[in-house]
Amino acid sequence: MADEANRTAFLELQGRMIETTSKFKQVQNQIRTKEGEKKRAFLTLEELRQVPDDTNTYKSIGRTFVLEPKSVLMSEQEQKLKDSETAISSLQTSKEYLEKHMSEVENNLRELLQQDPALARQIMSMSVM
C-alpha cells in the first residue's frame with residue numbers, strides 16, 4: 001500500500017517538475033525577447049540623438065513609412081525602453097520563484113527516493129525512450 005502511494009507521489013512530483021521546467025524555459029525566452037527589444041530601443045535612441053532636430057524622421061508602420069517629428073520618435077523609444085525594463089524586472093521575479101519551486105520539487109523527489117529504495121531501483125531500471 002505504501003509502495004503504491006510512493007509511486008503516485010513520485011508521478012505527481014515528476015509532473016510538477018516537468019511543468020515547472022517548461023514554465024521556467026518560457027520565462028527565460030520571454031526575458032531574452034524583452035532584452036532584445038530593450039537593446040533595439042536603446043540603439044535607436046542613441047542614433048536619434050545624433051540626428052539634428054530639423055531632420056525629417058520617419059516611423060515604420062508595416063511596409064509604410066510615415067513622417068514623424070523626432071521628439072515623437074524619441075518619446076516612443078524611451079517608453080519602449082522603460083516598458084522593457086519593467087517587463088524584464090517582473091520576469092526576473094517570476095524566474096526566481098520558479099527556480100525556488102524547482103529546487104523544492106527536486107528536494108521532495110530526492111527525499112521520496114531516499115525513503116523508498118525499491119522505488120528508486122525500479123525507476124533506474126526503466127528504459128528511457
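**Salt bridges and a strand hairpin in a predicted model**

K70 is buried, with a relative accessible area of 9% (buried means under 20%, exposed over 50%, partly exposed in between, with a 1.4 Å probe and protein chains only). The model is predicted, so that local features need pLDDT of at least 70 and side-chain atom pairs pLDDT 80 or more, while totals for chains, interfaces and linings use all residues. Residues are numbered from 1 along each chain as its sequence is written, and side-chain values use heavy atoms, without hydrogens and water.

The side chain of K70 meets that of D53 in a salt bridge, at 3.1 Å from N to O (a side-chain nitrogen of Lys or Arg within 4 Å of a carboxyl oxygen of Asp or Glu). This pair links distant parts of the chain, 17 residues apart: D53 lies in the loop between α1 and β1, and K70 in helix α2 (helices, H or I, of at least four residues and strands, E, of at least two are DSSP runs numbered from the N terminus). D53 is exposed, at 67% relative accessible area.

The count of salt bridges comes to nine. Another of them joins K38 and E85, at 3.9 Å from N to O. Here K38 in helix α1 and E85 in helix α2 (residues 70-115) are 47 residues apart. K38 is partly exposed at 30%, as is E85 at 39%.

Strands β1 (residues 57-61) and β2 (residues 64-68) run antiparallel and are joined by five bridges (strands pair if DSSP finds at least two bridges between them). K59 has V66 in β2 as its bridge partner. Two residues stand between the strands of this hairpin, where G62 takes a positive phi near 65°.
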